[in-house]
Amino acid sequence: MNEKRILISRTDAIGDVVLTLSICKLIKEQIPNSIITFIGKTYTKDLINSCASVDHFIDFNEIEKLGKADQIIHFEKGNYDSILHVFPNRKIAFLAKKAGIPLRVGTKNRWFHWFSCNNLISLSRKNSELHEAQLNLFLLKGLNLNYNFSLKKIGESFDLTLVPPLKTEFKTLLHPEKLNIIFHPKSKGSAREWGLHNFEELIQLLPKNKFQLFISGSADDAETMKDWLNNLPSHLINISGKMNLLEFISFINNSDGLVAASTGPLHIAAALQKNVLGIYPAVRPVFAKRWAPLGKNANYLEAEIFCENCTKKTETCDCMDSILPEKVLEQILNWNKLQ
């Protein structure tokens, strides 16, 4: 039987990419002879290459450095049978057409798909009651495949099994007799944050003899949180900006759990089947129904009230503050029972 060469296009943020990776394994389960190539941006490469269901990665940032003719040739050399535009990208859509990829699947609500794709799927994310990962799977309709999967099945299908061993320098930070928990307070504006003041109170509540706590974030986050970090208890370990993405994925994989708002690290930890607690506002479209972490040990808390600040870029938010540190503590203490 001839191989089916399928190109998945998703050139946006880490959390979005995580929630797309399940599509790769679900395709392979239905088309066992498929060869899947994933096109993404440079900073998501290590994440995508950690997925065993992805056969090849294409760095779109590198393709953009080529001349237009060479960009087309690059797509032609892949001999793809089809492309799924999970994240609409106008440049990629027209490159796929010019390269003559036979089946080009996109959504009807992007004008450029009408001129670049030959199989259009009706899909409206804005007011949908479905999870983002379920919405991504709608593109499978274009391949005449089953696309209707439960969140449980999707949560089991991320296939992040190619994560390398943790480097010794980071492994020594983990405590062998405690639960190693990562707190990721910042989101670079991608989510409603729970606030440093709430994380600080939670840190004070967790017993030091049972938990080894880490604060993670980017180098920019480390600078933003510098004053806050300097006032935290000395037993807490700051790993912000000290690892590249692959090292951080490996560190998460060796930890016991992670607490964060709806961020890339939250979704990575959930996909790795770690104990995870996401903290969410009740406002659409950033609420948990759309963006909850998926995995067998993933859970979330969602604010029970709605406030105007949910739609504004503010440091504090009434509804997020309504999720009390004691409530988060209760969830984390339940992780201890799983060990």
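Modeller: Buried means under 20% relative accessible area, exposed over 50%, and partly exposed in between, with a 1.4 Å probe and protein chains only. This is a predicted model, in which local features need pLDDT of at least 70 and side-chain atom pairs count only at pLDDT 80 or more, while totals for chains, interfaces and linings use all residues. Residues are numbered from 1 along each chain as its sequence is written, and side-chain values use heavy atoms, with hydrogens and water left out.

Biologist: What makes Glu-132 and Arg-290 a salt bridge?

Modeller: A salt bridge requires a side-chain nitrogen of Lys or Arg within 4 Å of a carboxyl oxygen of Asp or Glu. The closest N and O atoms of this pair are 2.8 Å apart, and they therefore qualify. Glu-132 lies in helix α7 and Arg-290 in helix α15, so the pair ties together parts 158 residues apart in sequence. Both belong to a salt-bridge network that includes Arg-10 and Asp-12.

Biologist: How do you know whether Glu-129 is buried, partly exposed or exposed?

Modeller: Glu-129 has 41% relative accessibility and therefore counts as partly exposed. The side chain of Glu-129 meets that of Arg-284 in a salt bridge at 2.4 Å, N to O.

Biologist: Why is α13 called oblique to α14?

Modeller: Angles under 35 degrees count as roughly parallel, over 145 as roughly antiparallel, 65 to 115 as roughly perpendicular and the rest as oblique. The axes of α13 and α14 cross at roughly 50°, which makes α13 oblique to α14.

How values were computed
Axes fitted to C-alpha atoms, helices over the stretch in contact; angles between N-to-C directions. Helix = DSSP H or I, 4+ residues; strand = E, 2+ residues; numbered from the N terminus.
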